Amino acid sequence: MKRIDALKRIYKLLDSKLIITNMGAVAAELYSLGHKKNFFYLEHSMGLASSVGLGIALSKPDINVIVLDGDGSVLMNLGTFSTIARYNPKNLTHIIFDNESLLSVGGFPTATSTGTNLKNIALSSGIKFAYETKDIDEFESLFEKNINIDNASVIVSKVEAKGPEKFTMDLGLIENKIEFKRHINSLKEN
Amino acid sequence: MAVSVKNSELIYKSLKKCGVKIVSALPETWLVHLIRFSEEDPDMQLVRLAKEEEGVGISAGAHFAGLKSAMLMQNHGFLASVNGIVSLAQLYRIPLLMIISYRGEMGETDPWQTEGGLRTESTLKALDIPYDIIDSSESVEKKINKAAVLSESSERPVALLITRDLMVE
């Protein structure tokens, strides 16, 4: 499975949700499908995309929050699983595109290429619903199912180590933040 | 040694007056009452962290969602959070109200706190983080309010160092 194809499958389902991505390929590929004001690309501080997602999920419990993360970032902040598990916000879905590589900086193999299993770490950290899939149809159905369950969930999507042709995005970091924050503030509470 | 309940209460009430709704924390001796107050308060969301840097992400998320937050940590937790502070909070202009217990300053008995204590203020200065030191109960409310106002208006991290004289009886 290619990450861009997996993103295409779920892209149409992201409209009513808040999306946080980590930096690099995930951000550039989601952006390439068409930027929307409910997308926030965390273009640094690797590992914290899921912490930002948790902060939003706890602040806005009626809005679905989707974190689109990578194996390299998650490996830098494994404690995030424990923290998310402790509060278990039902509106948080943490998707990890695992290409077993730090692709954006030259393709160095990460520890998931030598046996580390992020799904098992998530489960052992107390996340009740964690899955791993290599199949794009299964990924799509796991996504559709887990955004509506009463628990936080983790979906590890094993993808090829192939990135976008270009990483550039015509969107300033602060511009992205202001637009995203303004969008959240415009949403009506349920 | 006992941690001052009275001054912890003063700090907590000052945070509440500033409209803080989310507090992230990692346990530290001097913060014990503050964390307990946060947990017992139905109007406060306490987020217990595995590592302090996660708190930068929590505060960023709260800021996006329009809520005010504060971070409770030891100065070693601040030192462990530097990349998140620089590459999230400063890069994206996120207000952080950091309440930091100032271990390793004058009067410290634990040898392991001393190196971090020595480098806390110089690190804050190197990172261009405005900070103030609270060492007496009289200035708690005023200093917390001023720090909260500056962090919101500048959309940047601001730190308050709470000292042994304030926290230990």
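## Strand E3 of chain A

In this predicted model, strand E3 of chain A, residues 65-70, is mostly covered, with 6 of its 6 residues buried; a residue is buried if 20 or more other C-beta atoms, placed from the backbone, lie within 10 Å of its own, exposed if 12 or fewer do, and partly exposed in between. Val65(A), Val67(A) and Asp69(A) point one way from E3(A), whereas Ile66(A), Leu68(A) and Gly70(A) point the other way, and all are buried. Strands and helices are DSSP runs numbered from the N terminus, a strand (E) having at least two residues and a helix (H or I) at least four.

E3(A) pairs in the parallel sense with strand E1 of chain A, residues 18-21, over 4 bridges, and Thr21(A) stands opposite Leu68(A) in E3(A). Another 6 bridges join E3(A) to strand E4 of chain A, residues 92-98, and these two strands also run parallel; here the bridge partner of Val67(A) is His94(A) in E4(A). Two strands pair if DSSP finds at least two bridges between them.

## Helix H2 of chain A and its cover

Because 7 of the 8 residues of H2(A) are buried, this helix is largely enclosed by the rest of the structure. The buried residues are Ala25(A), Val26(A), Ala27(A), Ala28(A), Glu29(A), Leu30(A) and Tyr31(A), and what covers them includes H1, E1, strand E2 (39-41), E3 and E4 of chain A. H2(A) is followed by Gly34(A), whose phi is positive, near 125°.

## How H1 and H2 of chain A cross

The axes of helix H1 (residues 3-11) and helix H2 (residues 25-32) of chain A come within 10 Å and cross at roughly 50°; axes are lines fitted to C-alpha atoms, for helices over the stretch in contact, and angles run from 0 to 180 degrees between N-to-C directions. H1(A) and H2(A) are therefore oblique to each other, given that angles under 35 degrees count as roughly parallel, over 145 as roughly antiparallel, 65 to 115 as roughly perpendicular and the rest as oblique. The crossing is right-handed, a term that applies if the near helix is turned clockwise from the far one by less than a right angle, and left-handed if anticlockwise.

On the H1(A) side, Arg3(A), Ile4(A) and Leu7(A) meet Ala25(A), Val26(A), Glu29(A) and Leu30(A) in H2(A), where contact requires that the C-beta atoms of two residues, placed from the backbone, lie within 7 Å. By class, this contact has 5 nonpolar, no polar and 2 charged residues; Ala, Val, Leu, Ile, Met, Phe, Trp, Tyr, Cys and Pro count as nonpolar, Asp, Glu, Lys and Arg as charged, and the others, Gly among them, as polar.

## The open sheet of chain B

Chain B has an open sheet of 6 strands in the order E2-E1-E3-E4-E6-E5, with parallel pairing. Strand E2 (45-48) and strand E5 (131-134) of chain B stand at the edges, each with a single partner strand, so one side of each is left without a neighbour in the sheet. The twist averages 20° from one strand to the next.

E5(B) is joined by 4 bridges to strand E6 of chain B, residues 157-162, in a parallel run, and Ile133(B) has Leu161(B) in E6(B) as its bridge partner.

## Conventions

Residues are numbered from 1 along each chain as its sequence is written, while chains are lettered from A and ligands numbered from 1 in the order in which they are written. The model is predicted, so local features need pLDDT of at least 70 and side-chain atom pairs count only at pLDDT 80 or more, whereas totals for chains, interfaces and linings use all residues.
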